[in-house]
Amino acid sequence: MTDTTPSIERLVLIGIGLIGGSLARALKRMNAVEQVIGVARSRGTGDLALELGVIDRFCMDPGEAVEDASIVVIATPLLTFPVILDAIAKHLPIDAIVTDVGSVKQYVINAVKRHLPEHFERFVPGHPIAGTERSGVHASFAELFERRHVVLTPLPETTDAAVSLISDMWTKTGADVITMDGSYHDQVLAATSHLPHVIAYSLVRCLAEHPERDTLFEFAAGGFYDFTRIASSDPVMWRDICMTNREPILGALREFKSQLNAIIGAVEKEDNELLHQYFAQAKQARDAGLDVKKKNANRG
Ligand code: NAP
């Protein structure tokens, strides 16, 4: 099913990786965009994105790229945002709508307030809760956002027209758009996404630093590789998430540490009953959480 007239005239995509590339592919598949202009650091990414039909034009300079933009989507690692915002500030058309896909929202909101103040009311912070452990434009695919949440965290200043345009853009990708407060988003994601990624990286390091590492990796079963799949994610992206969502992540890590201490205590004391209860309650909570998720998915 495709729309007949593209609703977005010129989409400028700063960052043509897994998320930016998948967004462009999804919008193109729905004939929802007339032209996609891509910006990346390397010409190789631009050439590949052109060859794959993800973008229609490539530009190395973000300022030049946004000159006729209708929508600008920033889809680069979080710590690049201040430099990119400075680079586009003087070139953005006054009526262009700016959005982003960054995994942390309060940091991005503060950066836009500081580096793009004239555009603040036409900036819609966004985060698609979708991804894989792969990165780069070659890993992008049009179906990535289907039936996945996209969280928008608009501010009181954000215009309704801007929110509705960006919400409409994501709906066309097959996503389910919800709105949330930016700091609340960061707390929720610290517990549900950032903590599991940090734990996966640290679990791999536990084996990697062991004197018998080769034997351990060879004998590690499917469970280990299932559990640590996300430790193959891009280290730059995860460094940036940890640096820009420090307090919520530290809170989640401290909570996790106290859970580990509870297990250490029970094993040290050989507290059979406590350990059984601990694991049984965790299993029950996980099964119940999955049931709710399945019911909601069937309803949608
Ligand atoms: P990615 O696949 O690694 O792609 C990043 C893109 O940004 C590449 O095209 C890269 O260009 C470009 N880039 C990096 N630094 C740049 C700079 N200084 N100027 C211009 N372009 C630059 O990353 P991704 O996974 O799509 O993640 C992008 C954003 O989405 C991040 O903010 C992340 O927090 C967010 N996000 C990621 C996921 C996920 O699961 N991956 C999910 C939701 C949100 P080159 O190719 O030339 O290096």
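View 1. Two strands count as paired here if DSSP finds at least two bridges between them. Strands are DSSP runs of E with at least two residues, helices are runs of H or I with at least four, and both are numbered from the N terminus. β8 and β9 run in the parallel sense, with 4 bridges between them, and V151 has I178 as its bridge partner in β9.

A quick word on the model: it's predicted, so local features need pLDDT of at least 70 and side-chain atom pairs count only at pLDDT 80 or more, while totals for chains, interfaces and linings use all residues. Residues are numbered from 1 along each chain as its sequence is written, and side-chain values use heavy atoms, with hydrogens and water left out.

**View 2. Six strands form an open sheet with parallel pairing, in the order β3-β2-β1-β4-β5-β6.** The edge strands, β3 (57–59) and β6 (123–124), each pair on one side only. β1 (residues 8–14) and β2 (residues 33–39) run parallel and are joined by 6 bridges; look for I8 opposite V33 in β2. Helix α4 (residues 81–89) packs on the sheet, touching β1, β4 (71–74) and β5 (97–100), and its direction makes about 160° with that of β4. Helix α6 (residues 160–172) turns up here too: it touches β1, β4, β5 and β6, at about 50° to the direction of β5.

**View 3. Strand β4 is covered on both faces.** β4 is joined to β1 by 4 bridges, running parallel, and V73 is the bridge partner of L13. β4 also runs parallel to β5, again with 4 bridges; there V73 has T99 as its partner.

**View 4. The largest nonpolar core holds 37 residues.** Such a core is a set of buried Ala, Val, Leu, Ile, Met, Phe, Trp, Tyr and Cys residues joined through side-chain atoms within 4.5 Å. L11, I16, M169 and W170 touch the most other members. β1, α1 (18–29), β2, β4, β8 (149–152) and α6 each supply at least two residues. Another core lies apart from this one, with 30 residues, among them A69, I74, V108 and I249.

**View 5. N245 sits in the loop between α10 (235–244) and α11 (246–268).** N245 is buried, at a relative accessible area of 3%. A polar atom of its side chain lies 3.1 Å from the backbone oxygen of D186. Setting aside neighbours within four places in sequence, N245 is in contact with V104, D186, A190 and H194.

Definitions and conventions:
Contact means heavy atoms within 4.5 Å. Axes are lines fitted to C-alpha atoms, for helices over the stretch in contact, and angles run from 0 to 180 degrees between N-to-C directions. Buried means under 20% relative accessible area, exposed over 50%, partly exposed in between (1.4 Å probe, protein chains only). A polar contact is a pair of N or O atoms within 3.5 Å; within protein, one must be able to donate a hydrogen and the other to accept it, and residues adjacent in sequence count only if both atoms are side-chain atoms.
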